[in-house]
Amino acid sequence: MPTVEFRGERIDCEAGAALRDVLLDAGLSPHNRTSEWVNCRGNATCGTCAVEVRGEVSEMNADERRRLSLPPHSLDSGLRLSCQAEVRGDVRVVKHRGFWGQTVERDERREPTAAER
């Protein structure tokens with residue numbers, strides 16, 4: 001059973017579960033401030049659930065790729081839409097600043113994401 005780490009919490013979930021659902025079911029939100037109420041509810045159209053994911057998740061699908069290719073996001077940011085990323089193994093999730101979670105401040109002490117390599 002995979003474990004999701006987010007904001008100091010550890011959540012066990014079923015393999016294949018949508019990351020957004022795992023977080024919301026645990027009472028945690030992949031959204032910042034107002035976007036918690038103003039979002040597409042998991043349809044990959046708004047981009048407000050974008051998070052940094054370290055660990056095993058599904059490959060990016062066409063809907064996710066399309067949304068992350070539009071501003072304020074970019075495909076090279078290394079972010080994923082939590083509504084589209086399916087948990088495949090243990091993951092650590094980081095939500096960044098900004099309405100869409102798009103303000104990624106790189107910390108040189110951590111390992112670079114796949115997009116940064």
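Analyst: Let's start with a term: a residue is buried under 20% relative accessible area, exposed over 50%, and partly exposed in between. R88 comes out at 42% relative accessibility, so it counts as partly exposed. Keep in mind that this is a predicted model.

User: Okay, let me try that on a salt bridge. Which side chain does R88 meet in a salt bridge?

Analyst: First the general idea: side chains of opposite charge can pair when their charged atoms come close. Here R88 meets E86, at 3.0 Å from N to O. E86 has a relative accessible area of 31%, so it is partly exposed.

User: How many salt bridges does a search of the whole structure find?

Analyst: The search turns up five. Another one joins E5 and R10, with the closest N and O atoms 3.0 Å apart. On accessibility, E5 is partly exposed because it sits at 33%, while R10 is exposed because its relative accessible area is 59%.

User: And what about R80: which residue does R80 form a salt bridge with?

Analyst: That partner is E64, and the closest N and O atoms are 2.8 Å apart. The pair links distant parts of the chain, with R80 in strand β4 (residues 79-81) and E64 in helix α2, 16 residues apart.

User: Are R80 and E64 buried or exposed?

Analyst: Go back to the cut-off of under 20%. R80 has a relative accessible area of 11%, so it is buried. E64 is at 0%, so it counts as buried too.

User: Now loops. Where does S58 lie, and which residues does S58 touch beyond four places away in sequence?

Analyst: S58 sits in the loop between β3 (50-57) and α2 (62-68). With residues up to four places away set aside, S58 touches R80, Q84, A85, E86 and R88. S58 itself is buried, because its relative accessible area is 9%.

User: What about A18: where is A18 found, and is A18 buried or exposed?

Analyst: A18 is in the loop between β2 (9-12) and α1 (19-25). Its relative accessible area of 18% means A18 is buried. Leaving aside neighbours within four places, A18 is in contact with S82, C83, A85 and E86. Take S82: 64 residues separate A18 and S82 along the chain, yet their C-alpha atoms are separated by 6.9 Å.

User: On to strands. In which sense do β1 and β5 pair, and in which sense do β3 and β5 pair?

Analyst: A general point first: in a regular strand the side chains alternate between the two faces of the sheet. In this model, β1 (residues 3-6) and β5 (residues 87-94) pair in the parallel sense over three bridges. β3 and β5 pair in the antiparallel sense over five bridges. A handy residue to look at is V93 in β5: V93 is the bridge partner of F6, and V93 is also the bridge partner of V53.

User: Last one: how many aromatic pairs does the structure hold?

Analyst: One. F99 and W100 form the pair, which is edge-to-face, at 4.9 Å centre to centre with 80° between the planes. To read those values, remember that a pair of aromatic rings is described by the distance of the centres and the angle of the planes. F99 is at 30% relative accessibility, so it counts as partly exposed, and W100, at 27%, counts as partly exposed too.

Terms used
Residues numbered from 1 in each chain as written. Predicted model: local features only at pLDDT ≥ 70, side-chain atom pairs only at ≥ 80, totals over all residues. Heavy atoms only, no water. Helix = DSSP H or I, 4+ residues; strand = E, 2+ residues; numbered from the N terminus. Buried < 20%, exposed > 50% of the residue type's maximum accessible area, 1.4 Å probe, protein only. Contact = heavy atoms within 4.5 Å. Pairing = 2+ DSSP bridges. Salt bridge = Lys/Arg side-chain N within 4 Å of Asp/Glu carboxyl O. Phe/Tyr/Trp six-rings, centres within 6.5 Å; stacked < 30°, edge-to-face > 60°.
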